[in-house]
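Please read this report with the structure beside you, moving between the text and the picture as each part is described.

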Amino acid sequence: MSIRHSLLALLQDQPRYGYQLRVEFENRTGATWPLNIGQVYTTLDRLERDGLVKKEGDDGDGHVVYSITDAGKAEVGNWFAAPVERSNPPRNELAIKLALAVTIPGVDVQGIIQAQRVASIRSLQDYTKARRDTTSQRSGDTAWLLVLDSLIFQTEAEVRWLDLCEARMVQQAQSAGQARKTSNGVTEDAAPLNADIRR
């Protein structure tokens, strides 16, 4: 997630101080990705250093107000115009967990898949309910609906991927069973890989 560009986009809307930027970001994204206020101010310092924002003074209550510069407007315009690159995919903890689990003896891979499927389906139900309960009468509602739709599609894809992972584990267990045939062609009982096959 580009906090840098998100803050620039909010400043393009109007000048704000750090806490206002944090609140606006969380309001517009449904607080799906909470920002640490220290992170906001550190990013503002870097944006100022790079000539993309400037201080406008304070608001009378001691808050330093920032506004976007012409260079900042160009930067955020380029960000909006460019597609999000997939060449360096973000780290996916679940994919990493499963990749490691299948390579370490004694790990209950099927248990990991089942537990995650339950959690993912619960999240999917929560996102779907939130979508049903949200109207689209205000621009803030529309922004939240876009975020919810993205979360719903990502979670649906995760559940389908978990189904594929489980099918691969079953296939691997069956292949291991085929490989354990004795010399006279009788198949020995083969224990499933890492765990009992459930489902």
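Helices (H or I, at least four residues) and strands (E, at least two) are DSSP runs, numbered from the N terminus. This is a predicted model, in which local features need pLDDT of at least 70 and side-chain atom pairs count only at pLDDT 80 or more, while totals for chains, interfaces and linings use all residues. Residues are numbered from 1 along each chain as its sequence is written, and side-chain values use heavy atoms, with hydrogens and water left out.

**Two crossing helices**

Helix α1 covers residues 3-13 and helix α2 covers residues 18-28; their axes come within 10 Å and cross at roughly 100 degrees, where axes are lines fitted to C-alpha atoms, for helices over the stretch in contact, and angles run from 0 to 180 degrees between N-to-C directions. That makes α1 roughly perpendicular to α2, a label for angles of 65 to 115 degrees, whereas those under 35 count as roughly parallel, those over 145 as roughly antiparallel and the rest as oblique. On the α1 side, Ser6, Leu7, Leu10, Leu11 and Asp13 meet Leu21, Glu24, Phe25 and Arg28 of α2, contact meaning heavy atoms within 4.5 Å. Sorted by class, this contact has five nonpolar, one polar and three charged residues; Ala, Val, Leu, Ile, Met, Phe, Trp, Tyr, Cys and Pro count as nonpolar, Asp, Glu, Lys and Arg as charged, and the others, Gly among them, as polar.

**Salt bridges**

Side chains of opposite charge can pair when their charged atoms come close. A salt bridge is a side-chain nitrogen of Lys or Arg within 4 Å of a carboxyl oxygen of Asp or Glu, and a search of the whole structure finds twelve of them. The table lists some of these pairs.

| Salt bridge | Closest N to O distance |
|---|---|
| Arginine 28 and glutamate 24 | 2.9 Å |
| Aspartate 50 and arginine 49 | 3.0 Å |

Arginine 28 lies in helix α2 and aspartate 13 in helix α1, so their pair ties together parts that are 15 residues apart in sequence. By contrast, arginine 28 and glutamate 24 are four residues apart in helix α2, separated by about one helical turn. Salt bridges that share partners join Asp13, Arg16, Glu24 and Arg28 into one network.

How accessible are these side chains, if buried means under 20% relative accessible area, exposed over 50% and partly exposed in between (1.4 Å probe, protein chains only)? Arginine 28 is partly exposed at 32%, as are aspartate 13 at 43%, glutamate 24 at 21% and aspartate 50 at 35%, whereas arginine 49, at 61%, is exposed.

**Nonpolar cores**

A nonpolar core is a set of buried Ala, Val, Leu, Ile, Met, Phe, Trp, Tyr and Cys residues joined through side-chain atoms within 4.5 Å. The largest one has 16 residues, and those with the most contacts inside it are Leu7, Leu8, Leu11, Leu21, Leu44 and Leu47. Helices α1, α2 and α3 (37-49) and strand β3 (64-68) each supply at least two residues of this core, and α1 gives the most, with five. Leaving aside neighbours within four places in sequence, leucine 8 is in contact with Leu47, Leu52, Val53, Ile68, Gly72, Glu75 and Val76. A second, separate core of nine residues includes Leu98, Ala101, Ile112 and Cys165.
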